[in-house]
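The exercises below concern helix packing and a pocket. Work through each task before reading its solution.

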Amino acid sequence: MDGLPSRAEIYVEYKAAKDAFRACPGCKIEDLQERIHFAFYTFSVNWRELDGWFQSAASDQGKAAAIISFFDPAKRLQFLRELERRLHNYCASVKSLVDHTRRVHVAMDSYRDISTEVAELNATYFKNHGLSQFVQQLRNYFVHLHPVSSGYSIQCEGGEFTVPYRFRKALLLEYGEWNKSAKRFLEEAGDQIDVQTTLESYFQYTKAFYDILWAKHREWFAPQFAERQRLLLTVVELEKKLEEKDKAEALPRGTFARRAQTWRRRRDSNPR
């Protein structure tokens with residue numbers, strides 16, 4: 001014997017290191033972050049789909065379809081149905097992103113108490129931000145008071161047809177459940193609020209916030225992520241040792257020794 005560890009011994013050490021890596025707080029925190037990443041991805045895709053509808057409606061083909069639908073109720077319903085679907089999905093994903101972020105931060109408290117920092121971020125960027133509060137409550141407005149199609153109209157200015165989609169302030173104010181920040185946003189707005197511009201502003205604002213949030217996560221959980229990296233390097237190093245052992249012990253295919261070696265590796269990899 002040369003005194004060096006056998007492949008089976010290295011494999012046992014590798015398996016233990018891999019289990020420790022998977023169970024470490026840094027990996028658990030990354031798993032929680034993935035929930036927010038998916039919610040933000042859904043929110044982003046829903047915005048792109050909604051914005052695509054507005055872009056299409058602004059095209060010559062879209063204007064022609066809108067004009068035809070103006071004189072045909074069935075085509076009008078078909079024209080608006082896709083807008084309703086996309087706007088509903090957007091508003092639902094706004095709420096989903098907010099809820100996922102809140103729940104993930106509650107779960108992260110078990111690794112480090114971040115409740116104070118999270119509350120400060122929320123107060124700074126969302127709690128008193130009129131645009132954010134207005135958009136976050138739009139879904140309830142559509143569900144409980146007015147349908148999406150209530151904001152649709154066709155206008156003709158100087159012989160040019162346009163298909164603006166605007167929120168009517170008077171209709172919005174009929175909903176009595178807006179919070180103080182959303183009400184302030186509405187009071188300061190004009191009689192009509194352009195939907196595309198408003199929702200794009202919210203998307204860009206939210207995107208900038210989550211860039212800040214990821215940086216905060218790296219700061220808050222720096223020790224956990226450092227330990228995760230240390231454990232990962234240990235796993236990678238042991239994987240290299242196993243590969244080196246495999247190369248050093250390589251035997252010709254088809255030989256009895258090769259078959260016995262394969263059997264032993266399977267046995268070592270699946271201990272009872």
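The model used here is predicted.

**Exercise 1.** Describe how α5 and α10 are oriented to each other, and list the residues through which they meet.

Solution. 
Step 1. The axes of α5 and α10 cross at roughly 160° and come within 12 Å.
Step 2. The angle falls in the class over 145 degrees, and α5 and α10 are therefore roughly antiparallel to each other.
Step 3. The crossing in which α5 passes α10 is right-handed.
Step 4. On the α5 side the contact is made by E117, V118, L121, T124, Y125 and F126, which meet Y202, Y205, T206, F209, I212, L213, K216 and W220 of α10.
Step 5. Sorted by type, the residues of this contact are 10 nonpolar, 2 polar and 2 charged.

**Exercise 2.** Find the orientation and the handedness of the crossing of α1 and α11.

Solution. 
Step 1. Helix α1 covers residues 7-23 and helix α11 residues 222-248; their axes come within 9 Å and cross at roughly 155°.
Step 2. This pair is therefore roughly antiparallel as well, α1 to α11.
Step 3. The crossing of α1 and α11 is left-handed.
Step 4. Among the α1 residues in the contact are R7, Y11, Y14, K18 and F21, and among those of α11 are R228, L232, V235, L238 and D246.
Step 5. The contact of α1 with α11 comprises 11 nonpolar, 1 polar and 8 charged residues.

**Exercise 3.** Which helix gives the most residues to the lining of the largest pocket?

Solution. 
Step 1. The largest pocket holds about 380 Å³ of space.
Step 2. It is lined by 21 residues, and V98, T101, R102, V118 and N122 are the closest to its centre.
Step 3. At least two lining residues each come from α4 (73-108), α5 (115-127), α6 (130-136) and α10 (195-220).
Step 4. With 7 residues, α4 gives the most to this lining.
Step 5. The lining divides into 11 nonpolar, 7 polar and 3 charged residues.
Step 6. V118, one of the residues closest to the pocket centre, is also among the α5 residues that meet α10.

Notes: Residues are numbered from 1 along each chain as its sequence is written. This is a predicted model: local features need pLDDT of at least 70, side-chain atom pairs count only at pLDDT 80 or more; totals for chains, interfaces and linings use all residues. Side-chain values use heavy atoms; hydrogens and water are left out. Axes are lines fitted to C-alpha atoms, for helices over the stretch in contact, and angles run from 0 to 180 degrees between N-to-C directions. Helices (H or I, at least four residues) and strands (E, at least two) are DSSP runs, numbered from the N terminus. Angles under 35 degrees count as roughly parallel, over 145 as roughly antiparallel, 65 to 115 as roughly perpendicular and the rest as oblique. A crossing is left-handed if the near helix is turned anticlockwise from the far one by less than a right angle, and right-handed if clockwise. Contact means heavy atoms within 4.5 Å. Ala, Val, Leu, Ile, Met, Phe, Trp, Tyr, Cys and Pro count as nonpolar, Asp, Glu, Lys and Arg as charged, and the others, Gly among them, as polar. On a 1 Å grid over the protein atoms alone, a cavity is a set of points where a 1.4 Å probe fits but cannot get out, and a pocket is an open set with protein on both sides within 12 Å along at least five of seven lines; lining residues have an atom within 4 Å of a point. Grid points are joined across faces, edges and corners, and a volume is the space filled by probe spheres set on the points.
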